Amino acid sequence: MRIGELAARAGTTTRTLRYYESRGLLPARRTGNGYRAYDESDLRLLRQIRTLQDFGFDLEETRPFVECLRAGHPEGDSCPASLAVYRRKLGELDALIGQLTGVRDTVARQLERAELARAELAAEAEVPGGPEPVCELGGDSW
């Protein structure tokens, strides 16, 4: 198949395919008249790349999976280099989850503090002569 058909079947653009070719991820086979020629194995490579990118892998991280597919492994992720990328990515994800958990805990504490402060202001407003609650955003009373 030619580049336009491959791009359409893979759900990408011909520009992207040329970029992958320049990075060595997609083979650069040519027909006698100079057109790029692709087959079903190239479509499989592209689907592997796109799936991994959808999972957050950058383009260079897909290389071991592509090479594994080219070596004849049916899934592209059973080679040692692919497994190493999976392990590294899991470590990155675990670190991000830890960071997000920390941020979530901070926001939860801030919310708790803000709700307590609001409740205290509301209680003071109930006391005769107490302050009138004011919204910080609009300056209006509650």
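**Rings, sulfurs and core**

Analyst: Arg2 lies over the face of Tyr35, 3.9 Å from the ring centre. A charge is counted as sitting over a ring if NZ of Lys or CZ of Arg is within 6 Å of the ring centre and within 35 degrees of the ring normal. This is a predicted model, in which local features need pLDDT of at least 70 and side-chain atom pairs count only at pLDDT 80 or more, while totals for chains, interfaces and linings use all residues. Residues are numbered from 1 along each chain as its sequence is written, and side-chain values use heavy atoms, with hydrogens and water left out.

User: Which ring does the charged end of Lys89 sit over?
Analyst: That ring belongs to Phe57, and the charged end of Lys89 is 5.1 Å from its centre.

User: And how many aromatic pairs are there?
Analyst: The count is 3 aromatic pairs. Rings of Phe, Tyr and Trp (its six-membered ring) pair if their centres lie within 6.5 Å; planes under 30 degrees apart are stacked, over 60 edge-to-face, and the rest tilted. Phe57 and Tyr86 are edge-to-face because their planes are at 75 degrees, with the ring centres 6.3 Å apart.

User: Where do Phe57 and Tyr86 lie?
Analyst: Phe57 is in the loop between α3 (40–54) and α4 (63–70), and Tyr86 is in helix α5 (residues 80–126), so the pair ties together parts that are 29 residues apart in sequence. Helices (H or I, at least four residues) and strands (E, at least two) are DSSP runs, numbered from the N terminus.

User: Is Phe57 buried or exposed?
Analyst: Phe57 counts as buried, at 7% relative accessibility, whereas Tyr86 is partly exposed at 30%. Buried means under 20% relative accessible area, exposed over 50%, and partly exposed in between (1.4 Å probe, protein chains only).

User: What about Phe65 and Tyr86?
Analyst: Phe65 and Tyr86 also form an edge-to-face pair, at 5.1 Å centre to centre with 65 degrees between the planes. Phe65 lies in helix α4 and Tyr86 in helix α5, so this pair ties together parts that are 21 residues apart in sequence. Phe65 is buried, with a relative accessible area of 0%. Phe57, Phe65 and Tyr86 form one aromatic cluster.

User: Changing topic: how many disulfides does a search of the whole structure find?
Analyst: The search finds 1 disulfide, a disulfide being a pair of cysteine sulfur atoms within 2.5 Å. The partners are Cys68 and Cys79, with their sulfur atoms 2.1 Å apart. The link is right-handed, with 80 degrees about the S-S bond. Cys68 lies in helix α4 and Cys79 in the loop between α4 and α5, so the pair ties together parts that are 11 residues apart in sequence. Both Cys68 and Cys79 are buried.

User: Now Glu21: which residues does it touch?
Analyst: Not counting residues up to four places away in sequence, Glu21 touches Leu26, Pro27, Ala28, Arg30, Arg36 and Tyr38, where contact means heavy atoms within 4.5 Å. Glu21 is in helix α2 (residues 14–22) and is buried, with a relative accessible area of 15%.

User: Finally, how many helices and strands are there in the protein chain?
Analyst: The protein chain has 5 helices and 0 strands. Of its 142 residues, 25% count as buried.
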